[in-house]
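User: I have a few "how do you know" questions about this one. Can we go through it piece by piece?

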Amino acid sequence: MKKNNTLAQRLLAAPHILWSVLFIVAPLAIVVFYAFTDSSFSFSFSNFSKLFNDGTVEVFTLSLAFAFCATCICLVVAYPLAYFISRTSRKTQNTLVMLSMLPMWMNFLLRTYALSFLLEDTGFLNNILASVGIDGVSLINTPGAVIFGMVYNFLPYMILPIHSVISKIDKNVIEAAEDLGCNRLRVIFRVIMPLSLPGIVSGITMVFVPSVSTFYISQQLGPTDFVLIGDVIETYFKSSAASSYHLGSAISLVLMVLIFICMAVMNHFSDDESTGGIIV
Amino acid sequence: MSNKLLDLRNISVCFDDAVILKNINLYICDGEFITLLGPSGCGKTTTLRIIAGFVNPDTGDVLFEGKRINDIPSHKREINTIFQKYALFPHLNVYENIAFGLRLKKMPEKEIKNTVEEMLSLVNLKGFGKRNINSLSGGQQQRVAIARALAVRPRVLLLDEPLGALDLKLRKDMQNELKSIQQRLGITFIYVTHDQEEALSMSDTVVVMDNGEIQQIGTPLDIYNEPKNAFVADFIGESNILDGKMLDDYRCFFSGKEFKCLDTGFEKNEPVDVVVRPEDVDVVPVEEGMVCGTVTNLTFKGVHYEIIVDIGNFKWMIQTTDYQPVGAHIGLKIDPDAIHVMKKSEYSGKFGDYSTFSDEIEEMSINDEEQE
C-alpha cells in the first residue's frame with residue numbers, strides 16, 4: 001500500500017474533512033468548552049458539581065433505566081421477527097424488511113404525536129378495551145407509555161441490523177449443525193445466535209443511544225413533570241439564564257461519556273472486531 | 001461388504017418443473033467407498049442431499065438397514081456430511097468445532113477431550129485445537145471438517161466434492177489420506193465428484209450419472225473397460241467412439257473394415273458403438289496397419305505423445321510413446337481386446353470424435369466446472 005496519497009486523493013477527501021471539522025469536531029469542542037466554563041467564561045468545574053447536587057443524577061439513572069428497558073424489549077421483539085423474516089424467500093424478505101422500515105418514513109414527532117392519540121383515555125385503544133368491558137385503564141401519561149413510545153419508534157433500528165446479519169449466515173453452516181445433531185431450536189441457540197452477535201450489538205447501539213437521549217417521547221407520553229435527561233438538556237438550552245448553556249453542555253458531555261462507556265462494554269462482548277457492529 | 005446399508009428405491013426429484021432425478025435405484029453396502037460421478041447438474045449432489053436428509057424426494061424410498069428413513073430429519077440420521085465449502089463454525093475454534101457434535105450427544109467432557117485429540121491426530125492436526133478457523137489454510141479447514149464429521153462416529157460419511165477447492169498436489173495427498181482413513185475406520189463413504197481420475201483411484205464402486213439418471217454402476221475397472229454407453233466411455237478417460245456394426249459374435253465392422261473382437265450377445269448386423277481407448281492402439285508402419293491415416297495434430301504430454309489421426313474423415317486420438325510428425329502417414333493395429341462394443345443409446349454419435357478437439361477447449365471447460 002502506498003502511504004503518500006496523491007494530490008487528487010487529498011482533494012477528494014477535502015469535503016469530508018471540512019464537513020467533519022465544521023459539524024462534528026467544532027460543535028464537540030464548543031460543548032466541551034461550555035461544559036468547563038462558568039457564565040463568565042472562566043475555567044471551572046462548577047457545572048459538574050452543580051449537576052451532582054440538583055437531582056440530575058436521578059434523572060440520569062432514570063433515563064438509562066428506561067433506555068435499557070426499551071432496548072431489551074426491542075431485542076426480544078426484533079430478534080424472532082428478524083429470524084422469521086430471514087427464513088422467508090428473497091422476495092418476501094424484501095417486502096417484510098420494507099414493511100418494518102415503513103414507519104420510519106413518517107416524521108418522528110408525528111409518529112409520537114399519533115401514538116398519544118391512540119393511547120389517550122378516550123383514544124382508540126381505550127375505546128376497544130371499553131367495548132370488551134374493560135374500563136378506565138389509563139394508558140397515556142404512564143412510564144409504560146414512554147417505554148412503549150421508545151420501542152415503537154426505535155424497533156426498526158433493531159430489526160434491520162439483526163436481519164442483515166442472520167440472512168448472511170452461510171446456509172451450509174446451518175445444515176452442518178443439523179447434520180451433527182442439532183434440532184431446530186439448538187441450531188438457533190448454538191449457531192445462529194452466536195453468529196448474529198454483531199447484528200445484535202449494532203442493533204442495541206442503535207436503539208439504546210437515541211432512547212437515552214430522547215426528549216419528545218417523555219413529554220408527549222409520560223406523566224406530568226416526568227423528565228428524562230434529554231428533557232433536562234432541552235430545558236437548559238431553551239432557557240435564557242446566563243449559565244444554562246454551560247450546564248446543558250456539562251450534562252451532554254456526561255451523557256456522551258456514559259453512552260461511550262456502555263458501548264465499550266457492549267463491544268467487548270462481541271470480541272470479534274472484524275465483524276463488529278456500527279458505533280453510532 | 002455384502003450387506004446393504006443404504007437403499008435408494010425409485011427416487012425422483014423435481015425442482016420447479018425441472019426434473020433433477022429420474023427414478024434412481026441404488027444400494028450401498030456397509031464399508032464401501034462409493035463415488036457418484038458426473039458432470040455438474042447431473043443430480044449427484046441432490047442424491048447426496050437426499051441421503052443426508054436435506055432434500056425430500058418427491059417419490060421413492062430411502063432405506064437405512066431396511067428401514068424407511070424418508071421422514072427422519074437429518075439430525076437423527078447416523079449419516080454425516082462434509083460440505084463442499086467445509087461449513088465450519090466460524091465462531092468456534094478448531095477444538096470446539098470438532099467437539100460440536102459430541103457436546104450435543106451430552107458426552108462427558110473427558111471423553112470429548114479424548115475423542116477430539118484422537119480426531120486431530122487422525123487428520124494430522126495435532127496441537128491445532130486452540131486455533132481460530134479463519135487462520136487455517138484451505139487444506140487444514142478441510143481436515144477439520146473431516147475430523148468434525150468423523151468425531152460423531154457416523155455409519156455413513158457423505159463427501160460433497162470435498163477436494164474441489166484444493167490445489168492439485170494437495171488434492172492428491174488428501175485423496176490418499178481419505179482413502180486410508182476410510183479403510184482404517186471401515187466407515188461407508190459416499191463421495192461426490194466430477195473428477196473421473198479421483199473417482200477411479202479412490203472408489204470400490206463408481207456410479208456414473210448424467211441428466212438425473214444413473215448411466216452405469218460398477219467397479220472402476222468395469223467402468224473404464226466396459227462402459228455401457230457413449231456417455232460413460234467419453235466421460236471416463238479418453239475414447240474413440242465409432243459408429244459400427246456387429247456382424248456376428250467376435251466379429252465387428254467399423255471404419256470400413258472388419259475387426260476381430262471379444263464381444264458377444266448382439267443380434268447379427270446390429271448397429272453398435274465401438275470404443276477404442278487411445279492407449280490401446282499400436283502405431284505401426286502403413287503396410288502392417290489394419291487401418292491407415294494421417295497425423296493432423298501432435299501434443300507432448302510428458303509420458304507420451306497425444307496424436308490426432310485422420311482415418312476416413314474420422315479423427316482418432318492415439319497415445320504413443322514414439323514421435324510422429326504432423327502429416328506423417330501411419331498405420332494402426334487394433335487388437336481384439338482393445339475393442340469394446342456397446343449397444344446404441346441416446347448418446348450415440350454425440351461423443352468420441354476428436355475433430356473439434358483442442359486442448360484449450362478442454363482446459364476451459366475444466367475451469368468452468370471448478371468455478372461452480
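User: Leaving aside its neighbours within four places in sequence, which residues is A:Thr37 in contact with?

Analyst: A quick note before that: this is a predicted model, where local features need pLDDT of at least 70, side-chain atom pairs count only at pLDDT 80 or more, and totals for chains, interfaces and linings use all residues. Residues are numbered from 1 along each chain as its sequence is written, chains are lettered from A and ligands numbered from 1 in the order in which they are written, and side-chain values use heavy atoms, with hydrogens and water left out. Now, contact means heavy atoms within 4.5 Å. A:Thr37 is in contact with A:Ser42, A:Phe43, A:Ser44, A:Asn47 and A:His246, once neighbours within four places in sequence are set aside. A:Thr37 sits in the loop between helix H1 (7-35) and helix H2 (46-51) of chain A. Helices here are DSSP runs of H or I with at least four residues, strands are runs of E with at least two, and both are numbered from the N terminus.

User: Why is A:Thr37 called buried?

Analyst: Buried means under 20% relative accessible area, exposed means over 50%, and partly exposed is in between (1.4 Å probe, protein chains only). A:Thr37 has 4% relative accessibility, so it counts as buried.

User: And what makes A:Ser167 count as buried?

Analyst: Its relative accessibility is 19%, so A:Ser167 counts as buried. A:Ser167 lies in helix H7 (residues 143-167) of chain A and touches A:Ser86 and A:Gln93, not counting residues up to four places away in sequence. The side chain of A:Ser167 also reaches the backbone oxygen of A:Ser164 at 3.3 Å.

User: Why is H10(A) said to be largely enclosed?

Analyst: Because 13 of its 17 residues are buried, H10(A) is largely enclosed by the rest of the structure. A:Phe208 lies in H10 and is buried, with a relative accessible area of 8%. Setting aside residues up to four places away in sequence, A:Phe208 touches A:Leu64, A:Ala67, A:Phe68, A:Thr71, A:Cys262 and A:Met263.

User: What makes B:Arg49 and A:Glu175 a salt bridge?

Analyst: A salt bridge is a side-chain nitrogen of Lys or Arg within 4 Å of a carboxyl oxygen of Asp or Glu. For B:Arg49 and A:Glu175, the closest N and O atoms are 2.6 Å apart, and the count between chain A and chain B is one salt bridge. On the chain A side, helix H8 (171-179) and helix H9 (184-195) are the elements giving two or more residues. H8(A) gives the most, with seven residues.

User: How much area is buried between chain A and chain B, and how many residues take part?

Analyst: Buried area is the accessible area (1.4 Å probe) that two parts lose on being put together, summed over both. Between chain A and chain B that comes to about 1,800 Å², with carbon and sulfur atoms giving 61%. Chain A brings 16 residues to the contact and chain B brings 21 residues.

User: How far apart are the closest N and O atoms of B:Lys179 and B:Asp204?

Analyst: They are 3.7 Å apart, and the pair forms a salt bridge. B:Lys179 lies in helix H5 of chain B and B:Asp204 in the loop between H6 and strand S9 (205-210), so the pair ties together parts that are 25 residues apart in sequence. B:Lys179 is at 15% relative accessibility, so it counts as buried, whereas B:Asp204 is partly exposed at 27%.

User: Which other salt bridge links distant parts of chain B?

Analyst: One of them is B:Arg155 with B:Glu65, where the closest N and O atoms are 2.9 Å apart. B:Arg155 is in the loop between helix H4 (138-151) and strand S7 (156-160), and B:Glu65 in the loop between strand S4 (59-64) and strand S5 (67-68), 90 residues apart. With a relative accessible area of 25%, B:Arg155 is partly exposed, and B:Glu65, at 41%, counts as partly exposed.

Key
Polar contact = N/O pair within 3.5 Å; in protein donor to acceptor, adjacent residues only side chain to side chain.
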